[in-house]
Amino acid sequence: MVLVCEVIICVRMASQSSAGDTEMNSNNTVFGPTLAQRHSKVIIVQVLVVIFLCINLLLIVTFFKNQSFYTTARYILFAVTLLSDSFLFLVSDLLFIFAVFQVTMWVSLCSVICIIMGLYLIVTPVTLTAMTLERYVAICMPLRHTELCSTRNTLHVILVIHGLSSVPYAVVLFTFFASASLDFYYQYRICSVEILIVYKWQDHVRSAVFQFYFLIMCLIIMLCYVKVMQVARTASDDDKISSKGLKTVTLHAFQLLLCLIQFWYPLIMSSLIHIDFTDLQHVRFFSYIMFNLAPRCLSPLIYGLRDEMFFTAMKKCLSCGLCDRQ
């Protein structure tokens, strides 16, 4: 979504630079590298998206091929993160291509797409927080873990996760409805989330809601870590369950950090807004790769490799796939 905004700015600046007839040669010189850079960025993004989707697809197939994962809360929640991230990869990449080729759509349709994307942008960090709470229950409340983390309750938790994840962009949507005129919905624009931000105060409201979510999720992770660490210290030396649970909570904290790092993007951009335009575009592109694409691929991959049961199932899935091809 960030890169979509970047492409829109590049398209506008390129059209403005080629407007004058008296400086046609110099404008073509400027426009040529910009066009080449845009094409190279498109290729880079498509390659990364394909790689990330293949990794997520492997993890998703591993989950659905093992029925034992269907009754375990943490694996069900892990599958939710995989599906939401894969959906986000596809839709954001489609909007990126639309922006590059200047494909416009109704603002009303774009707003619906952006709200759905915003929902699944928040689903993954909220789900990781729920996975941390599941580990807290397993370590600190082992007698109630089976009852609290049953399959039925996990499905209810997924509904709660989607409800909580819809709040930030519901606030954005309500402020958009209150600010935009009726004619604006029927205009054709290049789709980006910035369409929903009519006034600057709306951006402040959105940032405040995101930072509030960031704070709450960080507090939950820290509290769970402290509680699990206390249990691990009081456990016997040969009790590996608490130690393993502590490592898992630490892993979830790292995953959550990777996902929540995308919330830092507006602060970084606001501090760099005064730099040269060309440099700003490179920063935007680098930030999109580092803060949006990479964390959402590394986070599930790290968990899949770290979890012994899931890693064993993944190796079995890969070996079966290679045997079928041979």
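This is a predicted model: local features need pLDDT of at least 70, side-chain atom pairs count only at pLDDT 80 or more; totals for chains, interfaces and linings use all residues.
H4 passes H6 in a right-handed crossing.

**H4 with H6**

- The axes of H4 and H6 lie 8 Å apart, and the two helices pack at an angle of about 140°.
- The contact of H4 with H6 has 16 nonpolar and 6 polar residues, and no charged residues.

**H3 with H6**

- H3 and H6 have axes that come within 10 Å and cross at roughly 30°.
- H3 is therefore roughly parallel to H6, the limit for that class being under 35 degrees.
- The crossing in which H3 passes H6 is right-handed.
- On the H3 side, the contact is made by Ala73, Ile76, Leu77 and Val80.
- On the H6 side, the contact is made by Thr151, Thr154, Ile158, Ile161 and His162.
- By class, this contact of H3 with H6 comprises 6 nonpolar and 3 polar residues, with no charged residues.

**H3 with H4**

- H3 and H4 pack with their axes 9 Å apart, at an angle of about 155°.
- This makes H3 roughly antiparallel to H4, because the angle is over 145 degrees.
- H3 and H4 form a left-handed crossing.
- Charged residues do take part here: the contact of H3 with H4 has 4 charged residues, along with 16 nonpolar and 5 polar residues.

**Second largest pocket**

- The second largest pocket holds about 450 Å³ of space.
- The pocket is lined by 22 residues, and Val126, Thr129, Ala130, Leu133 and Val157 are the closest to its centre.
- By class, the lining of the pocket has 17 nonpolar, 4 polar and 1 charged residues.

**Cavities**

- Rolling a probe the size of a water molecule over the atoms shows where empty space is left.
- There are 2 cavities of 30 Å³ or more in the model.
- The second largest cavity has a volume of about 30 Å³.
- Its lining is made up of Phe78, Thr81, Asp85, Thr124, Leu128, Gln255, Ser299 and Pro300.
- H3 gives the most to the lining of the second largest cavity, with 3 residues.
- The lining of the second largest cavity divides by class into 3 nonpolar, 4 polar and 1 charged residues.

Conventions: Residues are numbered from 1 along each chain as its sequence is written. Side-chain values use heavy atoms; hydrogens and water are left out. On a 1 Å grid over the protein atoms alone, a cavity is a set of points where a 1.4 Å probe fits but cannot get out, and a pocket is an open set with protein on both sides within 12 Å along at least five of seven lines; lining residues have an atom within 4 Å of a point. Grid points are joined across faces, edges and corners, and a volume is the space filled by probe spheres set on the points. Ala, Val, Leu, Ile, Met, Phe, Trp, Tyr, Cys and Pro count as nonpolar, Asp, Glu, Lys and Arg as charged, and the others, Gly among them, as polar. Axes are lines fitted to C-alpha atoms, for helices over the stretch in contact, and angles run from 0 to 180 degrees between N-to-C directions. Helices (H or I, at least four residues) and strands (E, at least two) are DSSP runs, numbered from the N terminus. Angles under 35 degrees count as roughly parallel, over 145 as roughly antiparallel, 65 to 115 as roughly perpendicular and the rest as oblique. A crossing is left-handed if the near helix is turned anticlockwise from the far one by less than a right angle, and right-handed if clockwise. Contact means heavy atoms within 4.5 Å.
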